[in-house]
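Good morning, and thank you for coming. Please have the sequence and the structure in view while I speak.

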Amino acid sequence: MDRIPILKLRDLLLVTIQVDMHDRLAMQLQDELTARISETGARGVLIDISSLDIVDSFIGRMIANTAAMARVLDAETVLVGIQPAVAITLVELGLTLPGVRTALNVEKGMALLESATGQAEDLPDTDAGHTE
Amino acid sequence: MPVTRSEALELRSAADVVSVRQAVRTWAIEAGFSLVDQTKMVTAASEIARNTINYGGGGMATLELINDGSRRGLRVVFEDKGPGISDIQQAMTDHYTTGNGLGLGLGGAKRLVNEFHLSSRVGEGTRVVITRWK
Amino acid sequence: MSAATDAVIPRILKTYEAELLDEWLREQLSAFRAGSRISESDLRTQSKEFLNLLQQATEAGNITDVQGPSYGRVRDMLGDVSRARGLQGFSPSETAIFVFSLKRPLFTRIRKELATDADSLATVTWSATELLDKLGLYTTEVYQKSREDVITRQQEELLELSTPVVKLWDGILALPMIGTLDSARTQVVMESLLQRIVETGADIAIIDITGVPTVDTLTAQHLLKTVTAARLMGAECIISGIRPQIAQTIVHLGVDLGTVTTKGTLADAFRRALEMRGQRERLLKPRA
């Protein structure tokens with residue numbers, strides 16, 4: 001049975017999804033992530049999908065749900081590494097991933113998370129985009 | 001329409017959705033699709049395969065390499081003997097809400113392919129055919 | 001056609017190969033325009049090979065079935081010649097003449113062979129005509145297909161060239177759009193923009209629509225798709241070159257540009273982009 005490893009980096013959780021997930025695995029990841037955020041009190045979650053060449057509505061919903069649950073637990077989520085072909089398909093599919101910030105890669109994603117979680121005041125919430 | 005090759009895959013469990021994705025990817029590459037077109041086709045197939053399993057009670061996916069004389073294409077036929085869709089219009093509208101998976105993904109899949117045919121009878125089953133041309 | 005007459009053409013092709021080749025070459029060379037790009041030695045090699053393959057194919061019987069398996073190698077060879085001529089820029093006639101110019105030498109031979117047998121002469125000549133007509137038409141089809149492929153490829157390249165993505169500054173890309181935005185073009189535009197974002201690690205993309213004559217609902221939708229895709233890659237977009245009339249149209253159409261920043265000129269957009277980068281630098285600096 002494969003599991004997707006969740007790494008803890010200071011007060012951030014980092015998940016790298018490298019396998020073509022079947023639905024059960026995706027739900028498992030969602031549950032585990034939520035549990036880990038709660039356990040560790042993590043302030044940020046970085047989901048790296050740079051190895052995924054497919055993101056369908058189920059995976060998209062899983063990611064959006066995870067971000068929503070993370071926010072309830074006072075953690076921000078950033079999704080990184082969407083491949084160009086995947087981005088074009090997501091847009092055509094009409095999947096907008098509300099409440100999920102995105103960044104180009106892990107480096108930028110971490111920087112975004114660190115600034116988002118390190119701020120005292122609330123940053124303006126833009127739809128799946130950067131803060132200005 | 002001449003079918004150059006065809007292969008039928010069973011759709012029973014969630015793992016089969018992954019198998020269909022991989023098979024469609026391989027066939028899309030063979031049909032000469034660009035990366036973006038491959039991705040669109042695989043994603044559309046994934047959506048419909050999942051519906052067949054979750055709402056249709058399982059069924060079959062038949063992949064076909066087709067040729068209409070001037071261009072190559074890939075067609076996938078999804079069939080199930082499930083409850084059928086009573087309100088097709090409603091099923092084709094998008095539901096991408098977080099929470100329960102009410103969205104059938106059909107409307108989205110339609111936008112990703114060149115041809116989309118859906119026929120369904122309540123109590124008898126559903127048949128969806130998606131086609132992309134090179 | 002009976003077995004006896006069936007055997008005439010392959011026999012002629014074998015027995016008179018040298019003479020046929022010479023006469024046929026003469027016919028071909030005289031058909032080409034002066035200063036044409038064809039090389040005589042290439043032509044001789046091609047013609048010799050064709051005669052050879054044709055001879056073998058006709059030996060197998062069922063002479064006029066050019067789509068059949070015994071003509072496989074003949075079709076392949078003709079296909080190669082036609083495609084090559086298409087790519088080299090020869091006209092359709094110059095390509096078809098390869099096969100059609102074999103008629104006169106072949107008919108001359110047939111007439112000599114069957115001078116005393118009028119019936120057979122008619123039958124064999126008819127088969128020869130049918131055979132060469134079919135093969136000649138085949139070359140025309142292949143030629144046409146290869147020219148179409150070239151045109152399609154050129155169109156794609158033109159499409160890419162007409163929407164270049166320019167790096168304005170560290171982390172800032174500009175995409176000057178010219179002409180109308182249809183869905184094929186939007187796809188090409190999105191792909192090149194996203195590709196460049198990945199390559200340069202850009203945070204901001206300025207989409208300049210000064211060169212876009214009209215903005216209708218479809219164009220606006222295509223623009224929005226591009227903006228959304230760029231955002232998924234972590235890049236924010238600024239739309240510049242919005243003339244007052246376009247601004248009016250957008251409002252009248254009820255198009256919601258959402259949170260996309262818009263500017264009148266590319267220069268304004270660039271200034272804004274620099275500001276945004278500056279802000280981002282400050283935001284991302286670790287707090288003391």
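Chain A contains 4 helices and 5 strands; helices (H or I, at least four residues) and strands (E, at least two) are DSSP runs, numbered from the N terminus. This is a predicted model, in which local features need pLDDT of at least 70 and side-chain atom pairs count only at pLDDT 80 or more, while totals for chains, interfaces and linings use all residues. Residues are numbered from 1 along each chain as its sequence is written, and chains are lettered from A and ligands numbered from 1 in the order in which they are written.

From the N terminus, the order in chain A is β-β-α-β-α-β-α-β-α.

Let me begin with the strands. Strands pair if DSSP finds at least two bridges between them. In chain A, β1 (residues 6-9) and β2 (residues 12-16) run antiparallel, joined by 4 bridges. Their hairpin has 2 residues between the strands, and A:Arg10 there adopts a positive phi near 55°. A:Leu7 has A:Leu14 of β2(A) as its bridge partner, and A:Leu14 is in turn partnered by A:Leu46 in β3(A). β2(A) and β3(A) (residues 44-48) are parallel, with 5 bridges.

How is the unit of β2(A), helix α1 (residues 23-40) and β3(A) handed? The β-α-β unit is right-handed: with the strands pointing away from the viewer, the path from the first strand over the helix to the second runs clockwise.

Finally, chain C. Its helix α10 (residues 217-232) has 16 residues and spans 23 Å from first C-alpha to last. C:Gly234, which follows α10(C), has a positive phi near 80°.

Technical notes: The expected span of a helix is 1.5 Å times one less than its number of residues.
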